[in-house]
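Look at the model first, then read on.

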Amino acid sequence: MNQPRQTATYLSKRLTAAGLRPVSKYGQNFLIDLNLIDLIANSANLTKSDVVLEIGTGVGSLTSRLSDAAGAVLTVEIDKNLHQLATEELEHRDNVKLIQGDALRNKNALRPGLMEMIREAKEQIGPDARFQLVANLPYNVATPIISTLLHQTPPPDGMVVTIQKELGDRMAAEPGNKDYGALSVWLQSQCDVEVVRMLGPKVFWPRPKVDSAIIRLTLNKEKREAIGDLTYFHQTVRALFFHRRKFLRSNVISAMKNRLTKEQIDEVLTAQGHGETARSECLSVQQFLDLVHALQAAEQAA
Ligand SMILES: C[S@@+](CC[C@H](N)C(=O)[O-])C[C@H]1O[C@@H](n2cnc3c(N)ncnc32)[C@H](O)[C@@H]1O
């Protein structure tokens, strides 16, 4: 297959010929190093059993790599003009479905119909089919996309994404670290998180003002099953990090307002071994799981 050349000059000429310029509000920073595009695709260990979701088709450079390696690719592009360019590039590829529009309905919900398409594509591949997100993500929607996908049925078995370095730091952060927060706990409660490669601004055109990272998240089904009620867990963890400077007890009291009394909360915290000066940012992921389960059980018993 012919692969598009991918240099800043090539991209700039391609867009200019179509009367276009990169649109910053859509996070249009294109990867110009083909080796990195290969690294992203290869890091997902794709086979023909994979259904890949790409968010942000751009001009379709990563999409063509994904199409070579995967069984089916669904790629979503918000920008009508880029969608048109990518369609011209990719229309001969039978396993690529291009969708024009916003991948998100809002910050907590995916575009309607997207998961149905993924489920259908998986069914066509058969019982061994996997679902993966592989994308050079638009930075302003990277968190809602990754977080929301983990609420879906099926969730992605794996995700390989290029994101802003700071976001990667928050995803992989450990307890006690300044970057450790609700996102770290939500992702690490069900995925193994690895940094594949740090990327400086030079590998993109136009150059972003920030550093980036390629991150791989691998779903751990046992961990995910142990969470139980995903929505309850996610909402409670977010509430427990709401006031970072407050003690854990104050955050639990605010989170459980009108649901549990202070006495009931103190009982749970004591049973879980959290003293008055405990802070959310020092709890391990397992401690969050135990605490949220205990709060949920206390609420159900109340
Ligand atoms: C960082 S660029 C990546 C482009 C290309 N995949 C690459 O690797 O060079 C992000 C792309 O996402 C698109 N985009 C931004 N917000 C989007 C959204 N909410 N839904 C779908 N696509 C979006 C942008 O127009 C842009 O083409």
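N45 sits in the loop that runs between α2 (34–43) and β2 (50–55). Its phi angle is near 45°. That is a positive value, and N45 is not a glycine. Keep in mind that this is a predicted model.

**Two cis peptide bonds**

Two prolines follow a cis peptide bond. The bond from T153 to P154 is cis, with omega near -5°. P154 belongs to the loop between α6 (142–149) and β8 (158–164). The bond from W205 to P206 is cis as well, and its omega is near -15°. Find P206 in the loop between β10 (204–205) and β11 (212–219).

**Around the ligand**

How many residues surround the ligand? The count is 21. The closest are Q28, G56, E77, D102 and N136. Sorted by class, the shell holds nine nonpolar, eight polar and four charged residues.

| Residue | Protein atom | Ligand atom | Distance |
|---|---|---|---|
| L31 | backbone N or O | oxygen | 3.3 Å |
| E77 | side-chain N or O | oxygen | 2.5 Å |
| A103 | backbone N or O | nitrogen | 3.0 Å |

Two elements each give two or more residues to the shell: β1 (30–31) and β3 (72–77). E77, from the table, falls within the range of β3 (72–77).

Now step back to the whole chain.

Where do the domains meet? On one side, 19 residues of domain 1 make contact, and on the other, 16 residues of domain 2. The size of an interface is often given as the accessible area lost when the parts come together. Here, domain 1 and domain 2 bury about 1,300 Å² between them. Carbon and sulfur atoms account for 65% of this buried area.

Which residues of domain 1 lose the most area to domain 2? They are Y180, V185 and W186. Together these three make up 37% of what the domain 1 side buries.

Conventions:
Residues numbered from 1 in each chain as written. Predicted model: local features only at pLDDT ≥ 70, side-chain atom pairs only at ≥ 80, totals over all residues. Heavy atoms only, no water. Near = heavy atom within 4 Å. Polar contact = N/O pair within 3.5 Å; in protein donor to acceptor, adjacent residues only side chain to side chain. Helix = DSSP H or I, 4+ residues; strand = E, 2+ residues; numbered from the N terminus. Nonpolar A, V, L, I, M, F, W, Y, C, P; charged D, E, K, R; others polar. Contact = heavy atoms within 4.5 Å. Buried area = accessible area lost by both parts, 1.4 Å probe.
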